[in-house]
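Dear colleague,

Here is the structure I promised to pass on to you. Please look through it alongside the notes below, which concern its aromatic side chains.

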Amino acid sequence: QVQLVESGGGLVQAGGSLRLSCTASGRTFSSYAMGWFRQAPGKEREFVTAIGRNFVTTAYADSVKGRFTISRDNAKNMVYLQMNSLKPEDTAVYYCAAGSYATTSYTYAYWGPGTQVTVSS
């Protein structure tokens with residue numbers, strides 16, 4: 001089992017950057033693919049990015065390609081989301097998830113409580 005906690009959210013101006021971190025507890029972190037999802041007010045939760053257990057396989061939503069980068073450090077049980085060139089439409093609660101590699105939420109069994117990201121125009 002894995003427990004996840006996100007950090008690093010906050011308020012930033014459009015064009016700025018933020019780095020989200022997700023800390024995982026549990027000895028089996030390296031056996032899970034990791035994903036980031038987000039949910040804006042009044043909208044469905046949506047896929048942002050994912051990284052496989054092998055560090056190499058990644059996927060990004062079209063809306064964030066070229067701006068966001070996912071990475072992981074299995075030695076530290078951490079996964080990161082570097083967000084550059086932020087836009088107001090990136091405003092959402094961002095969730096870290098652990099499970100089987102996919103671009104949908106259904107295969108991710110473990111979720112953090114989320115961290116708020118607000119991008120002002």
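A residue is called buried here if its relative accessible area is under 20%, exposed if over 50%, and partly exposed in between, with a 1.4 Å probe and protein chains only. This is a predicted model, in which local features need pLDDT of at least 70 and side-chain atom pairs count only at pLDDT 80 or more, whereas totals for chains, interfaces and linings use all residues. Residues are numbered from 1 along each chain as its sequence is written, and side-chain values use heavy atoms, with hydrogens and water left out.

Rings of Phe, Tyr and Trp (its six-membered ring) are paired if their centres lie within 6.5 Å, and are stacked with planes under 30 degrees apart, edge-to-face over 60 and tilted for the rest; by this rule there are five aromatic pairs. In one of them, the ring centres of F37 and Y108 are 5.3 Å apart with the planes at 75°, so this pair is edge-to-face. Because F37 belongs to strand β4 (residues 33-39) and Y108 to strand β10 (residues 108-111), the pair ties together parts 71 residues apart in sequence, strands being DSSP runs of E with at least two residues, numbered from the N terminus.

Both F37 and Y108 are buried. Y108 also forms an edge-to-face pair with W111, at 6.5 Å centre to centre and 70° between the planes. W111 counts as partly exposed because its relative accessibility is 27%. Ring pairs link F37, F47, Y108 and W111 into a cluster.

Best regards

Technical notes. Helix = DSSP H or I, 4+ residues; strand = E, 2+ residues; numbered from the N terminus.
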